[in-house]
Amino acid sequence: MNIRPLLCTLAAAAGLAGTLAATPAFAGPGPGHEHSALRAEERLKQGIYRAWFPDLATARKAAISLHGQLLEAEYAKGYLVLELDGADIARLATFGFRIEPDTDFIARRNAFLDQIDAAERKPGARAGIQSIPSFACYETVEETFAAAQAFTVSNPALANWIDAGNSWQKTRGTGGYDMGVLKLTNSAVAGPKPKLFISSAIHAREYATAPLVLEFARWLVTGHGTNADATWILDHHEVHLMLQANPDGRKKAEAGASWRKNINSAYCGRSTSSRGADLNRNFTFAWNSTNGDGSSGNACNDTYRGPTAGSEPETQAVEAYIRNLWPDRRGPLLGDAAPADTSGIHLDIHSYSQLVLWPWGSVADAAPNGAALQTLGRRFAFFNGYTPMQSIGLYPTDGTSDGPSYGELGVPAFTFELGTSFFQSCDDFNNTIKPNNLPALIYAAKVLRTPYLTPGGPDVSALALAGDASGAGVAAGTPVLLSAAVTDTRFNQSNGSEPVQAITGASAWIDVPPWSAGAVAIPLNAADGSFSSSTEAVSGTLATGGLASGKHIVFVRGTDASGQAGPVSAVFLNIAGGPPPITLALTATPRFGSQFWVDLAWGGASGANVDIIRNGVLATSTANDGAYRESRQRGTWRYKVCQSGSTTACSAEMSISF
Ligand SMILES: [Zn+2]
């Protein structure tokens, strides 16, 4: 039985045991009892059907409309597995589905529930499941939060943990969770910066969603300083991750329940596993706007929309966070387009159906920014291989999470439907879902400055510097050969076709990205002598005279015949030799009240004096004796030490919080 190291180990390792904000609370005689009761109830669910579809397009539309009842999407085998009632069955039959009870799925589900029961009965097992047997790759709610909060300890300059509200259970004062957001950006680089918001696991049982987004956070944080793309993304952009958008419900799903909604006991009955509201039908924009087609008014239904628009605390937290993140760039009418230069992207990560979806889902009309949404959707789908389409199903959905972001504010919003199954195996997650979807998330993080424009431009790949320029480094003044491929062909063309243009040029920039003041473009050449096709090998020589020793970033960007530049890709350029870099360490000691002593200790500077830069501003010049102390109020402070009069011969900027 596969019970992996639990929260306490993880939290203790990160020194976080005391800082975890929330612990789950359970009614009744204990979590073990409640969880086994939940599983007993799960075993009673027999209304599970294999729905053989008439064609793929209809299958994908059914997967959208019936997302709440979808257990598996087996497109290659010709069927979906769904929880259905008599009305659903009759309705699906009118769309050409052939429906039969799925005894195979029920048997597999029962075996899975047995496995969890056995794990709980095992001598020495904890009271209550912390991790899901056979699904060791999926972090629990507590493990997700501990891992996210650990970044704020290991990388305080890059990571912040924000309390965006309370789960329903927490509003009742009986346990529950904070609606935590992991904000990632390099605080040493001043904003304002374009913002990416990703929410996941709003439907509790969609196991693979939060773990994918947590993996993206790891890629960004561990990549800052070691991967040039992760570095510039965090330097120049902000990434906000609400990893667990339905933590109360997720806890039920971790115990083996096929739980989707929140756990609000005001709906359907206090103790039934059918209780709660579908948070992804509870958003205020277009709430209950489709005459009951796109959400249910029955409190026991899996798509129950809640009694009023935005009635649930989790929905309120997501909406408030989104409205605080971006300005309103869209007019009040359904047909009002957001301006082409609108900034930001919202991704809501769901699972099972291998789709990339964009608004509208509540009406069949294309959204006013529909063409640009489609272009970006086809870029995402190039990476993850899913089918890109507007999110209108067999019939509409309403009150969904893209309402506040796109419907209200005009920020492009997408729903990813990962994978094929509720019981998605860790092999599938590690071998397919993670490697295919991480590049899609990275693409989103790259284009979010102008997401309605940049995806029209070409992509840069295979970017490299010759020799040791990205490794041990070259002496300043050494010419460095750069090579890359620029292509406009990276679209998923499986559902319609996106126009592809010839590449017309490409350029490189050193340290200052093309959108910043003072950027200097270095033109690159087509390797075959002329820019003429939709994929071009490019190269150029970088002059490195005058570059300070240390690590530099080289940005590369291409343009196509539409006149549109694509996203930048980057590579490190290391200049070796010269004076050794300045090192800096910070410590804080309580002084009195909210006053602290901050001690700076540095080495490697030359000259009689150094400049102390605090929060990006010259604080003082002081003797170059390796130590400086000053008193500061409680808060977060950033320091660097520079050679006297220099703004480039400096230590790395360090941050300290107390
Ligand atoms: Zn979902």
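Helix α6 (residues 141-154) lies across β5 and β6, running at about 135° to β5. Axes here are lines fitted to C-alpha atoms, for helices over the stretch in contact, and angles run from 0 to 180 degrees between N-to-C directions. Helices (H or I, at least four residues) and strands (E, at least two) are DSSP runs, numbered from the N terminus. This is a predicted model: local features need pLDDT of at least 70, side-chain atom pairs count only at pLDDT 80 or more, and totals for chains, interfaces and linings use all residues. Residues are numbered from 1 along each chain as its sequence is written.

**The eight-stranded sheet**

- Eight strands make an open sheet with mixed pairing, in the order β5-β6-β8-β7-β9-β12-β10-β11. Two strands pair if DSSP finds at least two bridges between them.
- The edges are β5 (159-166) and β11 (387-390), each with a single partner strand, so one side of each has no neighbour in the sheet.
- From one strand to the next, the twist averages 20°.
- β5 pairs with strand β6 (residues 178-184) in the antiparallel sense, over six bridges. Aspartate 163 has glycine 180 in β6 as its bridge partner.

**Strand β12**

- Six of the six residues of β12 (residues 413-418) are buried, so this strand is largely enclosed by the rest of the structure. Buried means that 20 or more other C-beta atoms lie within 10 Å of the residue's own; exposed means 12 or fewer, and partly exposed is in between, with C-beta atoms placed from the backbone.
- Ala413, Thr415 and Glu417 point one way from β12, while Phe414, Phe416 and Leu418 point the other way.
- Strand β9 (residues 345-351) pairs with β12 in the parallel sense over six bridges. Histidine 350 stands opposite glutamate 417.
- Strand β10 (residues 355-358) runs antiparallel to β12, with three bridges. Leucine 355 also stands opposite glutamate 417.

**Nonpolar cores**

- The largest nonpolar core has 144 residues; Leu80, Val213, Ala217 and Ala444 have the most contacts inside it. Such a core is a set of buried Ala, Val, Leu, Ile, Met, Phe, Trp, Tyr and Cys residues joined through C-beta atoms within 7 Å.
- Helix α14 (residues 426-447) gives the most to this core, with nine residues.
- At least three residues come from each of domain 1 (132-447) and domain 2 (457-576). The domain bounds come from an automatic or database domain assignment.
- Alanine 217 touches Ala148, Phe151, Leu182, Leu184 and Leu241, not counting residues up to four places away in sequence. Contact means C-beta atoms, placed from the backbone, within 7 Å.
- Another core, of eleven residues, lies apart from the largest one and includes Leu584, Leu600, Trp602 and Cys650.

**Strand β16 and its partners**

- Strand β16 (residues 503-510) runs antiparallel to strand β20 (residues 550-560), with seven bridges. Isoleucine 510 stands opposite valine 554.
- Two bridges join β16 to strand β17 (residues 522-523), also antiparallel. Alanine 508 has isoleucine 522 as its bridge partner.

**Backbone points to check in the loops**

- A cis peptide bond joins glycine 191 and proline 192, with omega about 0°. Proline 192 is in the loop between β6 and β7 (195-200).
- Proline 359 and tryptophan 360 are also joined by a cis peptide bond, with omega about -5°. Tryptophan 360 is in the loop between β10 and α12 (370-384).
- Alanine 286 has a positive phi, near 60°. This alanine is in the loop between α10 (247-254) and α11 (313-325). Alanine 286 counts as buried, with 24 C-beta neighbours inside 10 Å.

Terms used:
Two residues are in contact if their C-beta atoms, placed from the backbone, lie within 7 Å.
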